[in-house]
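Subject: Handover of a structure and the findings on it

Dear colleague,

Please find below the structure that I am handing over to you.

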Protein chains: 2
Amino acid sequence: MHVAIPLYPGFTALDAVGPYTVLALTPGCEVSFVAGGTGPVTDDQGKPTLVATTSYADLPAPDIVVVPGGPGTTAALGDRALLDWLMAADAHTKWTTSVCSGSFLLAAAGLLTGRKATSHWGWVEQLAGFGAEPVSERVVFDGKYVTAAGVSSGIDMAIALVARETGERTAQTVQLAIEYDPEPPFDAGSPHKVPADLHAAALALIGT
Amino acid sequence: MHVAIPLYPGFTALDAVGPYTVLALTPGCEVSFVAGGTGPVTDDQGKPTLVATTSYADLPAPDIVVVPGGPGTTAALGDRALLDWLMAADAHTKWTTSVCSGSFLLAAAGLLTGRKATSHWGWVEQLAGFGAEPVSERVVFDGKYVTAAGVSSGIDMAIALVARETGERTAQTVQLAIEYDPEPPFDAGSPHKVPADLHAAALALIGT
(Lines give C-alpha, C1' and ligand atoms only; values in the text may rest on other atoms or scores of the structure.)
Protein backbone atom coordinates (compact mmCIF):
# COMPACT_ATOMS: atom_id res chain seq x y z
CA MET A 1 0.00 0.00 0.00
CA HIS A 2 1.35 3.39 -0.97
CA VAL A 3 0.17 6.25 1.24
CA ALA A 4 0.43 9.82 -0.06
CA ILE A 5 0.29 12.80 2.30
CA PRO A 6 0.06 16.06 0.32
CA LEU A 7 1.78 19.09 1.83
CA TYR A 8 0.92 22.72 1.12
CA PRO A 9 2.11 26.02 2.65
CA GLY A 10 0.62 26.54 6.10
CA PHE A 11 -0.14 22.91 6.96
CA THR A 12 0.09 21.88 10.62
CA ALA A 13 2.95 19.45 11.20
CA LEU A 14 1.23 17.12 13.67
CA ASP A 15 -1.75 16.68 11.30
CA ALA A 16 0.66 15.08 8.84
CA VAL A 17 3.14 13.38 11.15
CA GLY A 18 0.66 11.61 13.43
CA PRO A 19 -0.75 9.50 10.56
CA TYR A 20 2.70 9.34 8.91
CA THR A 21 4.29 7.67 11.92
CA VAL A 22 1.40 5.23 12.44
CA LEU A 23 1.18 4.23 8.78
CA ALA A 24 4.94 4.11 8.15
CA LEU A 25 5.26 1.55 10.97
CA THR A 26 2.53 -0.62 9.46
CA PRO A 27 4.00 -3.59 7.58
CA GLY A 28 3.32 -3.31 3.86
CA CYS A 29 2.77 0.46 3.92
CA GLU A 30 5.07 2.98 2.30
CA VAL A 31 4.32 6.62 3.06
CA SER A 32 5.39 9.58 0.93
CA PHE A 33 4.96 13.29 1.45
CA VAL A 34 3.91 14.76 -1.89
CA ALA A 35 3.55 18.27 -3.33
CA GLY A 36 3.62 20.07 -6.67
CA GLY A 37 7.40 19.81 -6.60
CA THR A 38 9.85 18.09 -4.29
CA GLY A 39 11.63 19.85 -1.43
CA PRO A 40 10.83 21.40 1.93
CA VAL A 41 7.33 22.82 2.47
CA THR A 42 6.64 25.72 4.81
CA ASP A 43 4.30 24.88 7.68
CA ASP A 44 1.97 26.98 9.82
CA GLN A 45 4.95 28.37 11.74
CA GLY A 46 6.40 29.83 8.55
CA LYS A 47 9.30 27.39 8.54
CA PRO A 48 10.29 24.70 6.02
CA THR A 49 9.46 21.80 8.33
CA LEU A 50 8.59 18.71 6.29
CA VAL A 51 10.07 17.56 2.99
CA ALA A 52 8.02 16.45 0.00
CA THR A 53 10.06 13.68 -1.58
CA THR A 54 7.63 12.99 -4.39
CA SER A 55 5.73 15.23 -6.82
CA TYR A 56 2.04 14.91 -7.65
CA ALA A 57 3.04 13.82 -11.15
CA ASP A 58 5.17 11.00 -9.79
CA LEU A 59 2.46 9.55 -7.54
CA PRO A 60 -0.84 9.84 -9.42
CA ALA A 61 -2.42 6.65 -8.06
CA PRO A 62 -1.74 6.12 -4.33
CA ASP A 63 -3.74 3.51 -2.41
CA ILE A 64 -4.36 5.85 0.52
CA VAL A 65 -4.43 9.66 0.68
CA VAL A 66 -4.19 11.57 3.97
CA VAL A 67 -4.78 15.33 3.66
CA PRO A 68 -3.52 17.35 6.64
CA GLY A 69 -5.13 20.59 7.76
CA GLY A 70 -3.77 23.85 9.03
CA PRO A 71 -4.23 27.61 8.65
CA GLY A 72 -2.99 27.24 5.07
CA THR A 73 -6.12 25.34 4.08
CA THR A 74 -7.97 28.50 3.08
CA ALA A 75 -5.35 29.46 0.51
CA ALA A 76 -5.03 25.83 -0.57
CA LEU A 77 -8.71 25.83 -1.54
CA GLY A 78 -7.50 27.75 -4.59
CA ASP A 79 -4.58 25.40 -5.31
CA ARG A 80 -5.75 23.85 -8.58
CA ALA A 81 -2.80 21.44 -8.80
CA LEU A 82 -3.61 20.03 -5.35
CA LEU A 83 -7.35 19.74 -6.00
CA ASP A 84 -6.84 18.19 -9.43
CA TRP A 85 -4.40 15.67 -7.98
CA LEU A 86 -6.84 14.84 -5.18
CA MET A 87 -9.68 14.23 -7.64
CA ALA A 88 -7.56 12.09 -9.94
CA ALA A 89 -5.95 10.17 -7.06
CA ASP A 90 -9.34 9.49 -5.49
CA ALA A 91 -10.34 7.52 -8.58
CA HIS A 92 -7.71 4.96 -7.55
CA THR A 93 -7.65 5.06 -3.75
CA LYS A 94 -8.84 2.42 -1.37
CA TRP A 95 -9.10 5.10 1.32
CA THR A 96 -9.29 8.87 1.00
CA THR A 97 -8.78 10.58 4.35
CA SER A 98 -8.12 13.88 6.08
CA VAL A 99 -7.16 15.42 9.40
CA CYS A 100 -8.52 18.70 10.79
CA SER A 101 -9.33 21.28 8.08
CA GLY A 102 -7.97 18.87 5.46
CA SER A 103 -11.59 17.75 5.04
CA PHE A 104 -12.36 21.11 3.42
CA LEU A 105 -9.85 20.29 0.70
CA LEU A 106 -11.50 16.92 0.10
CA ALA A 107 -14.85 18.69 -0.01
CA ALA A 108 -13.54 21.36 -2.41
CA ALA A 109 -12.39 18.55 -4.67
CA GLY A 110 -16.00 17.35 -4.69
CA LEU A 111 -15.27 14.18 -2.75
CA LEU A 112 -17.46 14.67 0.31
CA THR A 113 -20.73 15.75 -1.30
CA GLY A 114 -23.58 14.22 0.67
CA ARG A 115 -21.15 12.35 2.92
CA LYS A 116 -20.76 12.46 6.68
CA ALA A 117 -17.49 14.16 7.59
CA THR A 118 -15.73 15.91 10.43
CA SER A 119 -13.05 18.54 11.02
CA HIS A 120 -11.58 20.62 13.85
CA TRP A 121 -14.31 21.57 16.36
CA GLY A 122 -13.85 25.24 15.39
CA TRP A 123 -14.98 24.72 11.79
CA VAL A 124 -16.79 21.40 11.53
CA GLU A 125 -20.20 23.02 11.02
CA GLN A 126 -18.87 24.97 8.03
CA LEU A 127 -18.50 21.69 6.14
CA ALA A 128 -22.21 21.96 5.39
CA GLY A 129 -21.45 24.89 3.10
CA PHE A 130 -19.15 22.57 1.13
CA GLY A 131 -21.84 19.95 0.62
CA ALA A 132 -20.87 17.53 3.36
CA GLU A 133 -22.87 16.49 6.43
CA PRO A 134 -20.95 17.70 9.51
CA VAL A 135 -20.52 15.16 12.30
CA SER A 136 -18.93 16.10 15.62
CA GLU A 137 -17.03 12.88 16.22
CA ARG A 138 -13.31 12.27 16.46
CA VAL A 139 -13.10 9.91 13.48
CA VAL A 140 -15.84 9.54 10.87
CA PHE A 141 -15.99 6.70 8.33
CA ASP A 142 -18.32 7.07 5.34
CA GLY A 143 -17.46 4.38 2.84
CA LYS A 144 -13.84 4.82 1.84
CA TYR A 145 -13.81 8.43 3.08
CA VAL A 146 -12.40 8.87 6.56
CA THR A 147 -12.16 12.27 8.20
CA ALA A 148 -10.67 13.14 11.58
CA ALA A 149 -11.22 16.04 13.97
CA GLY A 150 -8.52 18.54 14.99
CA VAL A 151 -4.75 18.09 14.67
CA SER A 152 -3.97 15.28 17.15
CA SER A 153 -6.96 13.17 16.05
CA GLY A 154 -5.00 11.95 13.05
CA ILE A 155 -3.29 9.45 15.32
CA ASP A 156 -6.62 7.90 16.31
CA MET A 157 -7.79 7.97 12.69
CA ALA A 158 -4.67 6.27 11.38
CA ILE A 159 -4.84 3.48 13.97
CA ALA A 160 -8.52 2.91 13.14
CA LEU A 161 -7.62 2.83 9.45
CA VAL A 162 -4.88 0.25 10.00
CA ALA A 163 -7.38 -1.88 11.91
CA ARG A 164 -9.84 -1.79 8.98
CA GLU A 165 -7.19 -2.37 6.33
CA THR A 166 -4.75 -4.76 7.99
CA GLY A 167 -6.55 -6.11 11.04
CA GLU A 168 -6.88 -5.29 14.69
CA ARG A 169 -3.76 -7.16 15.72
CA THR A 170 -1.56 -5.04 13.48
CA ALA A 171 -3.25 -1.85 14.66
CA GLN A 172 -2.69 -2.82 18.29
CA THR A 173 0.93 -3.70 17.58
CA VAL A 174 1.55 -0.28 16.04
CA GLN A 175 -0.26 1.40 18.94
CA LEU A 176 1.99 -0.44 21.39
CA ALA A 177 5.10 0.38 19.33
CA ILE A 178 4.39 4.11 19.62
CA GLU A 179 3.27 3.65 23.23
CA TYR A 180 0.00 5.40 22.47
CA ASP A 181 -1.46 5.15 25.94
CA PRO A 182 -2.37 8.83 26.29
CA GLU A 183 -2.39 10.60 29.62
CA PRO A 184 -3.30 14.22 28.83
CA PRO A 185 -2.40 16.36 31.84
CA PHE A 186 -5.82 18.04 31.60
CA ASP A 187 -9.26 17.04 30.39
CA ALA A 188 -9.29 20.07 28.14
CA GLY A 189 -9.14 18.67 24.61
CA SER A 190 -12.77 19.27 23.64
CA PRO A 191 -14.77 22.51 23.65
CA HIS A 192 -17.44 20.76 25.73
CA LYS A 193 -14.96 20.20 28.52
CA VAL A 194 -13.60 23.72 29.08
CA PRO A 195 -14.97 27.19 29.90
CA ALA A 196 -16.22 29.07 26.83
CA ASP A 197 -13.58 31.80 27.17
CA LEU A 198 -10.94 29.27 26.20
CA HIS A 199 -12.56 28.64 22.82
CA ALA A 200 -11.58 31.94 21.22
CA ALA A 201 -8.13 31.77 22.80
CA ALA A 202 -7.56 28.33 21.30
CA LEU A 203 -8.78 29.36 17.84
CA ALA A 204 -6.52 32.39 17.94
CA LEU A 205 -3.51 30.13 18.47
CA ILE A 206 -4.17 28.23 15.27
CA GLY A 207 -4.52 31.28 13.12
CA THR A 208 -8.19 31.82 12.53
CA MET B 1 11.66 31.09 25.12
CA HIS B 2 13.68 29.41 22.40
CA VAL B 3 13.13 25.66 22.09
CA ALA B 4 15.72 23.54 20.28
CA ILE B 5 14.87 20.06 18.99
CA PRO B 6 18.03 18.31 17.75
CA LEU B 7 17.62 15.93 14.81
CA TYR B 8 19.94 13.04 13.95
CA PRO B 9 19.69 10.25 11.35
CA GLY B 10 17.13 7.63 12.34
CA PHE B 11 15.00 9.79 14.66
CA THR B 12 11.27 9.05 14.84
CA ALA B 13 9.21 11.88 13.37
CA LEU B 14 6.36 11.87 15.90
CA ASP B 15 8.85 12.06 18.81
CA ALA B 16 9.92 15.44 17.46
CA VAL B 17 6.69 16.77 15.96
CA GLY B 18 4.41 16.09 18.93
CA PRO B 19 6.34 18.48 21.20
CA TYR B 20 7.09 20.77 18.25
CA THR B 21 3.42 21.39 17.53
CA VAL B 22 2.50 21.88 21.19
CA LEU B 23 5.39 24.24 21.93
CA ALA B 24 5.18 26.18 18.65
CA LEU B 25 1.56 27.05 19.47
CA THR B 26 2.52 28.31 22.91
CA PRO B 27 2.68 32.12 23.01
CA GLY B 28 6.23 33.32 23.58
CA CYS B 29 7.84 30.09 22.34
CA GLU B 30 9.90 29.79 19.19
CA VAL B 31 10.88 26.27 18.19
CA SER B 32 13.80 25.34 15.94
CA PHE B 33 14.95 21.98 14.62
CA VAL B 34 18.74 21.92 14.96
CA ALA B 35 21.54 19.66 13.73
CA GLY B 36 25.25 19.79 12.93
CA GLY B 37 24.37 21.52 9.69
CA THR B 38 21.15 22.85 8.23
CA GLY B 39 18.98 20.91 5.79
CA PRO B 40 16.78 17.81 5.70
CA VAL B 41 17.57 14.99 8.16
CA THR B 42 16.81 11.35 7.40
CA ASP B 43 14.34 9.75 9.78
CA ASP B 44 13.74 6.14 10.86
CA GLN B 45 12.04 5.42 7.53
CA GLY B 46 15.21 6.32 5.66
CA LYS B 47 13.67 9.44 4.19
CA PRO B 48 14.61 13.13 4.57
CA THR B 49 11.51 14.02 6.57
CA LEU B 50 12.21 17.03 8.80
CA VAL B 51 14.38 20.05 8.09
CA ALA B 52 16.98 21.43 10.50
CA THR B 53 16.84 25.18 9.97
CA THR B 54 19.54 26.00 12.53
CA SER B 55 22.97 24.55 13.25
CA TYR B 56 24.27 23.65 16.70
CA ALA B 57 26.75 26.50 16.39
CA ASP B 58 23.97 28.99 15.74
CA LEU B 59 21.88 27.99 18.76
CA PRO B 60 24.29 27.25 21.62
CA ALA B 61 22.06 28.50 24.45
CA PRO B 62 18.39 27.50 23.98
CA ASP B 63 15.97 27.85 26.89
CA ILE B 64 14.45 24.42 26.34
CA VAL B 65 15.89 21.32 24.68
CA VAL B 66 13.71 18.42 23.51
CA VAL B 67 15.65 15.35 22.33
CA PRO B 68 13.60 12.92 20.22
CA GLY B 69 14.27 9.18 20.15
CA GLY B 70 14.23 6.59 17.42
CA PRO B 71 16.21 3.62 16.12
CA GLY B 72 19.02 6.04 15.29
CA THR B 73 19.70 6.71 18.96
CA THR B 74 22.25 3.89 19.20
CA ALA B 75 24.43 5.40 16.48
CA ALA B 76 23.83 8.88 17.87
CA LEU B 77 25.38 7.80 21.19
CA GLY B 78 28.66 8.16 19.30
CA ASP B 79 27.79 11.56 17.78
CA ARG B 80 30.27 13.79 19.60
CA ALA B 81 28.92 17.01 18.07
CA LEU B 82 25.42 16.22 19.35
CA LEU B 83 26.56 15.19 22.84
CA ASP B 84 28.89 18.18 23.18
CA TRP B 85 26.10 20.53 22.10
CA LEU B 86 23.71 18.89 24.60
CA MET B 87 26.20 19.32 27.44
CA ALA B 88 26.95 22.93 26.59
CA ALA B 89 23.29 23.81 25.96
CA ASP B 90 22.24 22.23 29.25
CA ALA B 91 24.37 24.76 31.11
CA HIS B 92 21.90 27.41 29.92
CA THR B 93 18.55 25.62 29.72
CA LYS B 94 15.56 26.12 31.93
CA TRP B 95 14.30 22.69 30.88
CA THR B 96 16.20 19.78 29.34
CA THR B 97 13.82 17.12 28.04
CA SER B 98 13.54 14.01 25.92
CA VAL B 99 11.03 11.68 24.27
CA CYS B 100 11.40 7.90 23.95
CA SER B 101 15.04 6.77 23.55
CA GLY B 102 16.14 10.41 23.51
CA SER B 103 16.72 10.00 27.26
CA PHE B 104 19.70 7.74 26.45
CA LEU B 105 21.31 10.68 24.65
CA LEU B 106 20.75 12.92 27.66
CA ALA B 107 22.21 10.18 29.84
CA ALA B 108 25.20 9.71 27.53
CA ALA B 109 25.84 13.44 27.84
CA GLY B 110 26.03 12.91 31.59
CA LEU B 111 22.86 14.82 32.34
CA LEU B 112 20.75 12.13 34.00
CA THR B 113 23.24 10.67 36.45
CA GLY B 114 21.40 9.80 39.65
CA ARG B 115 18.18 11.24 38.27
CA LYS B 116 14.78 9.62 37.79
CA ALA B 117 14.07 9.21 34.09
CA THR B 118 11.94 7.26 31.65
CA SER B 119 11.99 6.04 28.06
CA HIS B 120 10.06 3.73 25.74
CA TRP B 121 8.73 0.69 27.67
CA GLY B 122 11.04 -1.55 25.61
CA TRP B 123 14.22 0.01 26.96
CA VAL B 124 13.42 2.00 30.07
CA GLU B 125 15.19 -0.45 32.39
CA GLN B 126 18.41 -0.08 30.39
CA LEU B 127 18.66 3.53 31.58
CA ALA B 128 20.14 2.11 34.80
CA GLY B 129 23.27 1.16 32.84
CA PHE B 130 23.62 4.83 31.90
CA GLY B 131 23.50 6.02 35.50
CA ALA B 132 19.86 7.09 35.65
CA GLU B 133 17.10 5.67 37.85
CA PRO B 134 14.49 4.13 35.51
CA VAL B 135 10.86 5.03 36.22
CA SER B 136 7.99 3.44 34.29
CA GLU B 137 5.77 6.48 34.05
CA ARG B 138 4.59 8.42 31.00
CA VAL B 139 6.23 11.71 31.97
CA VAL B 140 8.92 12.06 34.63
CA PHE B 141 10.03 15.39 36.12
CA ASP B 142 13.30 15.49 38.08
CA GLY B 143 14.24 19.12 38.61
CA LYS B 144 14.63 20.72 35.21
CA TYR B 145 15.03 17.32 33.52
CA VAL B 146 11.84 15.97 31.99
CA THR B 147 11.73 12.63 30.19
CA ALA B 148 8.80 11.03 28.38
CA ALA B 149 7.98 7.43 27.49
CA GLY B 150 7.62 6.13 23.92
CA VAL B 151 7.00 8.19 20.76
CA SER B 152 3.48 9.59 21.30
CA SER B 153 4.15 10.51 24.94
CA GLY B 154 5.97 13.65 23.83
CA ILE B 155 2.57 15.31 23.39
CA ASP B 156 1.66 14.70 27.03
CA MET B 157 5.12 15.80 28.12
CA ALA B 158 5.00 19.03 26.16
CA ILE B 159 1.58 19.99 27.51
CA ALA B 160 2.77 19.28 31.06
CA LEU B 161 5.85 21.40 30.39
CA VAL B 162 3.79 24.31 29.10
CA ALA B 163 1.68 24.09 32.27
CA ARG B 164 4.78 24.34 34.48
CA GLU B 165 6.40 27.08 32.45
CA THR B 166 3.49 29.25 31.32
CA GLY B 167 0.55 28.17 33.47
CA GLU B 168 -2.31 25.72 33.30
CA ARG B 169 -4.59 28.02 31.34
CA THR B 170 -2.12 28.28 28.47
CA ALA B 171 -1.54 24.53 28.51
CA GLN B 172 -5.27 23.87 28.36
CA THR B 173 -5.68 26.39 25.55
CA VAL B 174 -3.01 24.66 23.48
CA GLN B 175 -4.56 21.27 24.27
CA LEU B 176 -7.93 22.53 23.03
CA ALA B 177 -6.33 24.11 19.95
CA ILE B 178 -4.91 20.75 18.87
CA GLU B 179 -8.12 18.99 19.98
CA TYR B 180 -6.10 16.61 22.12
CA ASP B 181 -9.02 14.62 23.45
CA PRO B 182 -7.63 11.20 22.60
CA GLU B 183 -9.86 8.26 21.73
CA PRO B 184 -7.49 5.42 20.91
CA PRO B 185 -9.44 2.72 19.05
CA PHE B 186 -7.90 0.08 21.36
CA ASP B 187 -6.58 -0.01 24.90
CA ALA B 188 -3.31 -1.39 23.60
CA GLY B 189 -0.78 1.37 24.20
CA SER B 190 1.01 -0.14 27.18
CA PRO B 191 2.73 -3.53 27.49
CA HIS B 192 0.66 -4.22 30.61
CA LYS B 193 -2.53 -4.02 28.58
CA VAL B 194 -1.82 -6.47 25.76
CA PRO B 195 -0.85 -10.14 25.40
CA ALA B 196 2.89 -10.76 25.71
CA ASP B 197 3.21 -11.97 22.12
CA LEU B 198 2.53 -8.43 20.93
CA HIS B 199 5.58 -7.08 22.76
CA ALA B 200 8.19 -8.55 20.41
CA ALA B 201 6.07 -7.70 17.37
CA ALA B 202 5.87 -4.07 18.47
CA LEU B 203 9.60 -3.82 19.18
CA ALA B 204 10.35 -5.33 15.78
CA LEU B 205 8.37 -2.52 14.11
CA ILE B 206 10.57 0.16 15.64
CA GLY B 207 13.79 -1.43 14.62
CA THR B 208 15.25 -3.11 17.68
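The notes below cover the contact between the chains, the salt bridges and one annotated region.

This is a predicted model, in which local features need pLDDT of at least 70 and side-chain atom pairs count only at pLDDT 80 or more, while totals for chains, interfaces and linings use all residues. Residues are numbered from 1 along each chain as its sequence is written, chains are lettered from A and ligands numbered from 1 in the order in which they are written, and side-chain values use heavy atoms, with hydrogens and water left out.

**The interface**

Contact here means heavy atoms within 4.5 Å. By that criterion, 68 residues of chain B touch 68 residues of chain A. The two chains bury about 5,900 Å² between them, 64% of it on carbon and sulfur atoms; buried area is the accessible area (1.4 Å probe) that two parts lose on being put together, summed over both. In chain B, the residues that lose the most area to chain A are Leu176(B), Glu179(B) and Phe186(B), which together account for 13% of what that side buries.

Between chain B and chain A there are 36 residue pairs in polar contact, both residues being at pLDDT 80 or more. A polar contact is a pair of N or O atoms within 3.5 Å; within protein, one must be able to donate a hydrogen and the other to accept it, and residues adjacent in sequence count only if both atoms are side-chain atoms. Helix 6 of chain B gives the most to the side that touches chain A, with nine residues. Helices (H or I, at least four residues) and strands (E, at least two) are DSSP runs, numbered from the N terminus.

**The salt bridges**

A salt bridge is a side-chain nitrogen of Lys or Arg within 4 Å of a carboxyl oxygen of Asp or Glu.

Arg169(A) is partly exposed at 43% relative accessible area, and Asp197(B) is partly exposed at 45%. For these terms, buried means under 20% relative accessible area, exposed over 50%, and partly exposed in between (1.4 Å probe, protein chains only).

Asp181(A) takes part in another: its side chain meets that of Lys193(B) in a salt bridge of 2.7 Å, N to O. Asp181(A) is found in the loop between helix 6 and helix 7 (197-205) of chain A and, at 15% relative accessibility, counts as buried. Beyond its neighbours within four places in sequence, its contacts include Arg138(B), Ser152(B) and Gly189(B).

Within chain A, Arg138(A) forms a salt bridge with Asp156(A), with the closest N and O atoms 2.5 Å apart. This pair links distant parts of the chain, 18 residues apart: Arg138(A) is in the loop between strand 9 (133-134) and strand 10 (139-142), and Asp156(A) is in helix 5 (residues 153-166). Both residues are buried.

**The annotated region**

For chain A, an unreviewed UniProt entry lists residues 2-163 as "domain: DJ-1/PfpI". UniProt positions are given in the numbering used here, feature names are shortened, and annotations may be inferred rather than shown by experiment. The end C-alpha atoms of this span lie 16 Å apart, and the span is 28% helix and 27% strand.

Yours sincerely
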